[in-house]
Number of protein chains: 2
Amino acid sequence: MSERSYAILGTGALGGFYGAKLQKAGLDVHFLLNSDYEYVSKSGLVIESKDGDFTLTQVNAYNDVEKMPQCDVVVIALKTTQNHLLPHMLLPVVRDDGVVLVLQNGLAVEEEVAFVGNVSIIGGLCFLCSNKVGAGYIRHLDYGQITLGEYANGYDPTGITQKMRQIADDLKSAGISMELAEDLLLARWKKLVWNIPYNGLSVVLNARTDELMFDVHTRQLVEQLMYEVAAGAKSCERIITDSFIQTMLEYTVKMKPYRTSMKIDYDERRQMEVEAIFGNPLRKALAVGVDLPRISCIYQQLKFLDEMTRVGNRENKVK
Amino acid sequence: MSERSYAILGTGALGGFYGAKLQKAGLDVHFLLNSDYEYVSKSGLVIESKDGDFTLTQVNAYNDVEKMPQCDVVVIALKTTQNHLLPHMLLPVVRDDGVVLVLQNGLAVEEEVAFVGNVSIIGGLCFLCSNKVGAGYIRHLDYGQITLGEYANGYDPTGITQKMRQIADDLKSAGISMELAEDLLLARWKKLVWNIPYNGLSVVLNARTDELMFDVHTRQLVEQLMYEVAAGAKSCERIITDSFIQTMLEYTVKMKPYRTSMKIDYDERRQMEVEAIFGNPLRKALAVGVDLPRISCIYQQLKFLDEMTRVGNRENKVK
């Protein structure tokens, strides 16, 4: 049994799911909550999962990081749109020589926690379909695998580190399928090959993945966007092969029709993770003089739509 | 008084307006109609206009080009989405040595009528806000100016020709403000500087011109699209200056909030003029090896939305 303690910052569809799995496996887990704090303190967490439902009647719930114990592993499971809160949230809860595990979408999110001294920063790419369907109630629909990679200054590849292995072992003991990546930045760019075209176009065109793949024009645009992601990766000296792109296209054609996470956020009128998924990759490439015009076009469209949701003036318009 | 006779192919918001103005000025005008034929045959045309309302109680109405007299000037006032009908429609109605006047949006539309031998082809760019609000009932909201340019094989500049002057005189006698362009292709590219960004983004983002200009991201995307139009023009050896682009931007900021013609078509679930306004310019540039990635991105998005409207399956979706 691992002696490592875990803090889950953000007990939603993702943090709630992985945190509950870890506690169920016997680990010491501490959950930070916001709106669900009262309810979960009293009633615990319910996980409805294709791998088996379970209930945790008692969890360590907090509504203030100052009240949490310092933990060995602090899991950042907030949406990246909340990352401005991290400087305030992280320092009280992370143990000296501990690990910050960033389970977030997009690129360069590890750089946003690099202000914390004397910790290891590990990035995790989650392939998870889950929703929070009520207070303390999470529905796990499919997948769940996490790919881990350790962050070093400037995203230099670290290889497979001891810390990565330890955390992977904890998560594996909780029944999570794990992969280890020698090069976190490459892993993040590879995930963007899927996330950029499908998240972006699903929102802008109000479309599911199957619709985007069926139409010859969006099918071509998806592929062009994937090649621009590869050009972005190349600007960071990371190589994404043609065959990887072709595999992603074939994989998506075979998938069940899927509503992307950004589309769900947009439909629920939540702020979208536009900066993490689009803005940061664009800026990385632009910093070395590489323009990604189609990604930039989608980025600007998403920023507009995000702003229109925020000011909430879409209802008053002539449709 | 001009002795020239006019055939109006397409008696809608545009053809109905200009045709009625010509008849009111005393010219011999023949109107081709489709769904409104019965009504207009009996009741004529009503023009409600900011320049003065008027009614034509009697018009020469036809529902078949074969029944029309051959005319000196045949005005193509159909949407470009109907241009597949032109080979069948044009030949019976155009007089030998006559003029085909193409009052359509986009680029390369003159090439689609170049199959007609021994006629002059003149392109007209209309700056007109008008709507057909009922059978034979047209509401003219604003503007109305036409810029004319003559088409020569390969869009070689023709200068100001005698035929252009004659037609401009007829239209001026009907109270239409006229400009003459020495280079039709340049004039068409210049109109695209406005039409491409605002028509495209208004549909994709469900936005008015003022909203696109107010948001910093779409404001930038509009400008980038305008510069890509200029790059397209340059691929055809036509120069659009920076100051022209800046003038278009300033002009649009000062305009009253405006719903573009493509947005109106989309909202009314009519086919959009995507090929004339986006597809043809893209193909012109690509033919000489010039890629316009942002315009291409919007083109593919519009094609998808157009197709989704056509199959009419937008209602059945989770919003």
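Analyst: In this predicted model, A:Trp194, A:Tyr198 and A:Tyr258 form one aromatic cluster.

User: What makes A:Trp194 and A:Tyr198 a tilted pair?

Analyst: Their ring centres are 4.7 Å apart, and a pair needs centres within 6.5 Å. The angle between the planes is 35°; stacked requires under 30 degrees and edge-to-face over 60, so the pair is tilted. Both A:Trp194 and A:Tyr198 are buried. They are four residues apart in helix H5 (residues 184-204) of chain A, so about one helical turn separates them.

User: Why is the pair of A:Tyr151 and A:Tyr155 called edge-to-face?

Analyst: The planes of A:Tyr151 and A:Tyr155 meet at 85°, with the centres 4.8 Å apart. Edge-to-face requires over 60 degrees, so the label applies.

User: How do you know whether A:Tyr151 and A:Tyr155 are buried or exposed?

Analyst: Buried means under 20% relative accessible area. A:Tyr151 has 12% and A:Tyr155 has 2%, so both count as buried.

User: What is the distance for A:Cys71?

Analyst: The sulfur of A:Cys71 is 18 Å from the closest cysteine sulfur, in A:Cys126, which is also too far for a bond. Over all chains, the search finds zero disulfides.

Technical notes: Residues numbered from 1 in each chain as written. Chains lettered and ligands numbered in written order. Predicted model: local features only at pLDDT ≥ 70, side-chain atom pairs only at ≥ 80, totals over all residues. Heavy atoms only, no water. Disulfide = S-S within 2.5 Å. Phe/Tyr/Trp six-rings, centres within 6.5 Å; stacked < 30°, edge-to-face > 60°. Buried < 20%, exposed > 50% of the residue type's maximum accessible area, 1.4 Å probe, protein only. Helix = DSSP H or I, 4+ residues; strand = E, 2+ residues; numbered from the N terminus.
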